[in-house]
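Colleague: I'm new to this one and could use a guided tour. Could you show me how to read it?

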Amino acid sequence: MDLIRLKNVEKKYKNGVTAIYDLNLAIEKGSFTFVIGGSGSGKSTLIKMLYREEKPTKGQIIVGGLDVAKLRNTKVYKLRRKLGIVFQDYRLLPKLTVYENVAFAMEVIGATKEVTRKNVLRALEEVGLKNKVHNYPDQLSGGEQQRVAIARAIVNNPKLLLCDEPTGNLDPERSMEIMKVLDNINKTRGTTIIMATHDKEIVNTMKKQVVTLKDGHLVNFKKKGTYVDENI
Amino acid sequence: MRIFRMLGRSIRDAFKSVIRNFSLSLASISCITITLIIVAIAIMASFNVQNFTQEIERDLTIVIFLNNDVTEEDINNVENEIRQIPNVDKSSIRFESKQDVKEEMQKESEVFNTVLDEWDDSESPLKDTFQVKVKNVNQISNTANRIEKITKVNAVRYGEGMVDKMISAFSSVEKVTYGVVIALVIVTVFLIINTIKLTISARRREIGIMRLVGASNFTIKTPFIVEGMILGLLGSIIPVIFTTYGYLAFYNHFDGYLFTQLIQLIKPEPFIYSTAGIVVIIGILVGMVGSAGAVRKYLKI
């Protein structure tokens, strides 16, 4: 079954730049997909449209049964509760501890203390940070901070995890650690993962399905794909 | 259950924010305090003015003196004609014959008693009179003029002059106070909008993350609106004390009358309590409206 379906999606920004041209795509539930392409290829725009930070100018986007393009501003939270998002710059709150940062995602949707505690500890265990719950973000390394961000993204048990260049700020070793964590989440929780990246190494090692974008056009969609330079 | 948890969180966050940005909160609170004190004075003044103008208006009577030679029939005619004037309060028309007036005056004083006894009906300076009240006091002079034109009416008197001037003076005082109150409330709302905007800007990152992890707009907005309400509530403490004790002291100092017996002040109880209530409600509303405006402008959600 498809979790995400895009039909004739076009995105033109107000400054006249077209980031995505007529994109058709279906992504299966439980899959792990890389979105690759050079800068300006439309990877980030695609991810942003999936969590409704940007609206498509044309076409239809269905995520988990919700028609994202038609979603009213006041209803966006319904979509956001179905998915977790991880960014390149972690986006943690500096004044909260690791535990509080992850719990924050549950508190704002009104979960009880007990459920919050259980889910937060489980998520932190999955990313391997159970011994750092009381630390503050600035006491952690970049890789650890990103793992906190991943824990925050999965703590509400989303069906979909969107990652926008999650390894962009990390060295290859830390990047592989992050990839292991993500792969593990994909396998144990069955969470569908879509990850935008331009890291050749990662794509070639992981052997997942790959969506290749070039100047806003879909040029390739392969199972067990690799990062092929001439496509970009 | 969920809604109570969220509200609890909102209130906790709002208090945190008030304390964290204490200097800024203090600026808003003092502005609300000053505004509310002036609002309270204006409310008390305008209620008193209203009370006392109504009191005077209720007593305002047109006295119509008839010619000396009127017959029974003439009197009926005059009464009918008065009845036809729309502004006349028909139920208030009261006729007093020379005889009634005379008896009344005799009762009042010994001197009148002996003097009046020496006149017989034909040479008496007293006249038959009608006393009427009007529905709309502002048109009292028009009505008096119309009555004066009725045949057999000798003269018309009402409290023209001083009473007129007093009522118009007080009503313009009332209008000015309303204007001042509205202007001050608007200024305060803007000040609160700016205060809340600053606290929002300090928490922009947090709000961005809240939106990303699926907090509803209600969840994001409520803490700020509660914060505005808290500022309003804290700002109304001093005005409430000022209203209750200030008015009580004022009332006791003047013994319930201002300058003359004519101007009677409203009794402090329950007046001060209702005024204090109004002041608190205005404070909270101003805080709420201000913060709601700030959140809407700033978050565009």
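**Sheets, cores and a contact**

Modeller: Let's start with one pair: B:Val63 stands opposite B:Arg157 in strand 4 of chain B. Strands here are DSSP runs of E with at least two residues, helices are runs of H or I with at least four, and both are numbered from the N terminus. This is a predicted model, where local features need pLDDT of at least 70, side-chain atom pairs count only at pLDDT 80 or more, and totals for chains, interfaces and linings use all residues. Residues are numbered from 1 along each chain as its sequence is written, while chains are lettered from A and ligands numbered from 1 in the order in which they are written.

Colleague: How many bridges join strand 1 and strand 4 of chain B?

Modeller: In general, strands of a sheet pair through backbone hydrogen bonds, either parallel or antiparallel. Pairing here takes at least two DSSP bridges. Strand 1 (residues 62-66) and strand 4 of chain B have 4, in the antiparallel sense. They belong to an open sheet of 4 strands in chain B, ordered 2-3-1-4 with antiparallel pairing. Strand 2 (88-96) and strand 4 (153-157) of chain B are its edges, each pairing on one side only.

Colleague: What order do the strands take in the open sheet of chain A?

Modeller: That sheet of 4 strands runs 2-1-4-5, again with antiparallel pairing. Strand 2 (18-28) and strand 5 (66-67) of chain A each have a single partner strand, so one side of each lacks a neighbour in the sheet. Strand 5 of chain A is held to strand 4 (residues 58-63) by 2 bridges, and A:Ile62 has A:Asp67 as its bridge partner there.

Colleague: Which residues touch the most other members of the largest nonpolar core?

Modeller: The general idea is that in soluble globular proteins, nonpolar side chains tend to be buried together. A nonpolar core is a set of buried Ala, Val, Leu, Ile, Met, Phe, Trp, Tyr and Cys residues joined through C-beta atoms within 7 Å; buried means 20 or more other C-beta atoms within 10 Å of a residue's own, with C-beta atoms placed from the backbone. Of the 75 residues in this core, A:Val35, A:Leu50, A:Val102, A:Ala151, A:Leu161 and A:Leu162 touch the most other members. Helix 3 (residues 98-107) of chain A gives the largest share, 7 residues.

Colleague: How many residues does each chain bring to the contact?

Modeller: Chain B brings 16 residues and chain A 13, where contact means C-beta atoms, placed from the backbone, within 7 Å. Helix 8 (204-212) of chain B gives the most to chain B's side, with 5 residues.

Note on methods
Contact = placed C-beta atoms within 7 Å. Buried ≥ 20, exposed ≤ 12 C-beta atoms within 10 Å, placed from the backbone.
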